[in-house]
Amino acid sequence: SGVARNDAGQPLPGCNLNAYTQDGTKLFTPRDGSDALGQFAIVVPAGTLDVQVRPPVGALLVTKTIEDV
């Protein structure tokens, strides 16, 4: 769980979160969107994962990868 934020620290509503194992396998992440305050909570197995926060469709944001979550 966490809050999706832009580089200025503002919350990002409507983002999609994807989680990947170290070998690149995409995990199933139900309810993987951020709410109006940028908050999200995805359930994934324990371990080292790569999480991508993808902007809402049409938003002028760049996808970032947060490693070692």
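At 3% relative accessibility, asparagine 18 counts as buried, a term that here means under 20% relative accessible area, with exposed meaning over 50% and partly exposed lying in between (1.4 Å probe, protein chains only). The model is a predicted one, in which local features need pLDDT of at least 70 and side-chain atom pairs count only at pLDDT 80 or more, whereas totals for chains, interfaces and linings use all residues. Residues are numbered from 1 along each chain as its sequence is written, and side-chain values use heavy atoms, with hydrogens and water left out.

Asparagine 18 belongs to strand 2, strands being DSSP runs of E with at least two residues and helices being runs of H or I with at least four, numbered from the N terminus. Not counting residues up to four places away in sequence, asparagine 18 touches Lys26, Asp32, Asp50, Val51, Gln52 and Arg54, where contact means heavy atoms within 4.5 Å. Its strand is mostly covered, since 4 of the 5 residues of strand 2 are buried. Strand 2 and strand 4 run antiparallel and are joined by 5 bridges; two strands pair if DSSP finds at least two bridges between them. Within this arrangement, alanine 19 stands opposite valine 51 of strand 4.

Valine 51 is also one of the 7 residues of the largest nonpolar core, together with Ala4, Leu12, Cys15, Leu17, Phe40 and Val53; such a core is a set of buried Ala, Val, Leu, Ile, Met, Phe, Trp, Tyr and Cys residues joined through side-chain atoms within 4.5 Å. In soluble globular proteins, nonpolar side chains tend to be buried together. Leaving aside neighbours within four places in sequence, alanine 4 is in contact with Gln10, Pro11, Leu12, Cys15, Ser34, Gly38, Phe40 and Val53.

Arginine 31 lies in the loop between strand 2 (16-20) and strand 3 (39-40), and is exposed, with a relative accessible area of 77%. Its phi is near 50 degrees, a positive value in a residue other than glycine. Most residues other than glycine have a negative phi. Proline 45, in the loop between strand 3 and strand 4 (50-54), is exposed at a relative accessible area of 52%. The C-alpha atoms of proline 45 and threonine 21 are separated by 9.5 Å, although these residues are 24 apart along the chain.

Taken as a whole, the protein chain has 0 helices and 5 strands, and buried residues make up 28% of its 69 residues.
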